[in-house]
Amino acid sequence: MTMKDKRKYISKIARRYHNSDKKKRGLILDELCETFELSRCYAIRVMNKGHKRARKKPGRASRYQSPEFIKGLKQIWFCSDWACGKLLKSAIPLVLPHLEKRHQKEVSEEVKSLLLAISAASIDRVLAPYKAKYRRGRNLTKPGSLLRSQIPISTETWNITIPGFVEADTVAHSGSSSKGPFVSTLTITDIATQWTENRAVWTKVAANVVEAIRDIEAVLPFPILGFDCDNGSEFLNDHLVRYFQGKKIGLTRSRPYKKNDNAHVEQKNWTTARALLGYVRLENPELVPLINDIYANEWSDWKNFFCPNMKLKEKIRVGSRIVRKYEKPKPPYQRVLESPEISEAVKEKLTIRYESLDPFALRERIEQKLKRVKALASTTFDDWLAAQESQ
């Protein structure tokens, strides 16, 4: 028998070998060793050459692989804005009652108990195949050269356990180019409660930014006591200084090129503005009232009442390492209720508001309104000007 015939014979036996049970594989090896006078160890290597046997994962089977459970978890994940496992773990008890109301037949007691029992690490493992990759945007903050001497840098005098000391930042919806006018988003975050509000502004003109701040101040569940911003020209201007001086509100700024000075609001750039509007260029002025309609209503309620976020509890140096400990994730609404500085009347008003909301309905309305925004997003500023002139 030639070598070619031997290989052909062995390849046929190998198929039969891997499709047989343990007892039959032993008989095939006996036959192969006797026919070609091979040692048993070498015969096993010949049979397994180029073959990858599917091995069962060691340990017990996962409890979280049923289609009903994955469907329920993905619905809550979508309603929580694709939160990470730690945040989603805290969001499940908030959103699950609303999921039961909407899908009573689909949410069984077994699925409900699994959703409440699953750990944050298991959530990340189960959702890993469904997670999308997001790209980063550009930073278009231009330094303001005026009033730096009048606006102090330090925020150490603030009592950040009291609601009202806020940080502010802007996100540019300029796409791939910073030329020409475009829409920006103003984000204001309270340090103590993490309550966050957004407003769209047309360009970074100082008067527009102050108007947006005034609108946000009117809806916050607490008065603004201190205002901290970066060194952008939209903040370092006479309009803003006069506005806060007139209201006797402390105004401070971060150090240039030190994003950690405004860490509370910087981390909201993605979870608020970018998560909603993405990175497309928005240069149609008609988009501003439409986006603000979303920001001031559905987006604010959904983010502040149903989306837990993490807050740094303490930071300790252990040798050469910095150990950070975080509080249990909570939505800003819950932190407001726990604050002794907020009046009972405000808390009662927020509770009534919370009980009237449905996170799934909020998400649906957001998606419906976004369709109108996307339809107008393709209109350039030049096209809008031409349409105005033709009227």
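Student: Which residue just after α11 takes a positive phi?
Tutor: G278 does, with a phi of about 70 degrees. Helices here are DSSP runs of H or I with at least four residues, strands are runs of E with at least two, and both are numbered from the N terminus.

Student: What kind of model is this?
Tutor: It is a predicted model, in which local features need pLDDT of at least 70 and side-chain atom pairs count only at pLDDT 80 or more, while totals for chains, interfaces and linings use all residues. Residues are numbered from 1 along each chain as its sequence is written, and side-chain values use heavy atoms, with hydrogens and water left out.

Student: Back to α11. Is it mostly covered or mostly uncovered?
Tutor: Mostly covered: α11 spans residues 268-277, and seven of its ten residues are buried. Buried means under 20% relative accessible area, exposed means over 50%, and partly exposed is in between (1.4 Å probe, protein chains only).

Student: Which ones are buried?
Tutor: K268, N269, T272, A273, R274, L276 and L277.

Student: And what covers them?
Tutor: The cover includes strands β1 (165-172), β2 (183-190) and β3, together with helices α10 (263-266), α12 and α15.

Student: Pick one. What does T272 touch?
Tutor: Leaving aside neighbours within four places in sequence, T272 is in contact with T187, T196, N198 and W299. Contact means heavy atoms within 4.5 Å. T272 has 3% relative accessibility, so it counts as buried.

Student: How many cavities of 30 Å³ or more are there?
Tutor: One. A cavity is a set of points on a 1 Å grid, over the protein atoms alone, where a 1.4 Å probe fits but cannot get out; lining residues have an atom within 4 Å of a point.

Student: How much space is in the largest cavity?
Tutor: About 40 Å³. That volume is the space filled by probe spheres set on the points, which are joined across faces, edges and corners.

Student: What lines it?
Tutor: The lining of the largest cavity is T196, E197, N198, T272, Y295, W299, S300 and K303. Helix α12 (287-306) and strand β3 (196-202) each supply at least two lining residues, and α12 gives the most, with four.

Student: New topic. How many aromatic pairs are there?
Tutor: A search of the whole structure finds 15. In one of them, the rings of Y243 and F244 have centres 5.2 Å apart and planes at 70 degrees, so the pair is edge-to-face. W270 and Y279 form a stacked pair, with 6.5 Å between centres and 20 degrees between planes. Rings of Phe, Tyr and Trp (its six-membered ring) pair if their centres lie within 6.5 Å; planes under 30 degrees apart are stacked, over 60 edge-to-face, and the rest tilted.

Student: Is W270 buried, exposed or partly exposed?
Tutor: Partly exposed, because its relative accessibility is 33%. Y243 is buried at 12%, and F244 is buried at 1%.

Student: Which residues form an aromatic cluster?
Tutor: W195, F305, F306, Y333 and Y354 form one.

Student: Where is P359?
Tutor: P359 is in helix α15 (residues 359-377), and it counts as buried because its relative accessibility is 0%. Not counting residues up to four places away, P359 touches C79, V95, H98, W302 and F306.

Student: How many residues apart are P359 and S80 in sequence?
Tutor: They are 279 residues apart in sequence, with 8.5 Å between their C-alpha atoms.

Note on methods:
On a 1 Å grid over the protein atoms alone, a cavity is a set of points where a 1.4 Å probe fits but cannot get out, and a pocket is an open set with protein on both sides within 12 Å along at least five of seven lines; lining residues have an atom within 4 Å of a point.
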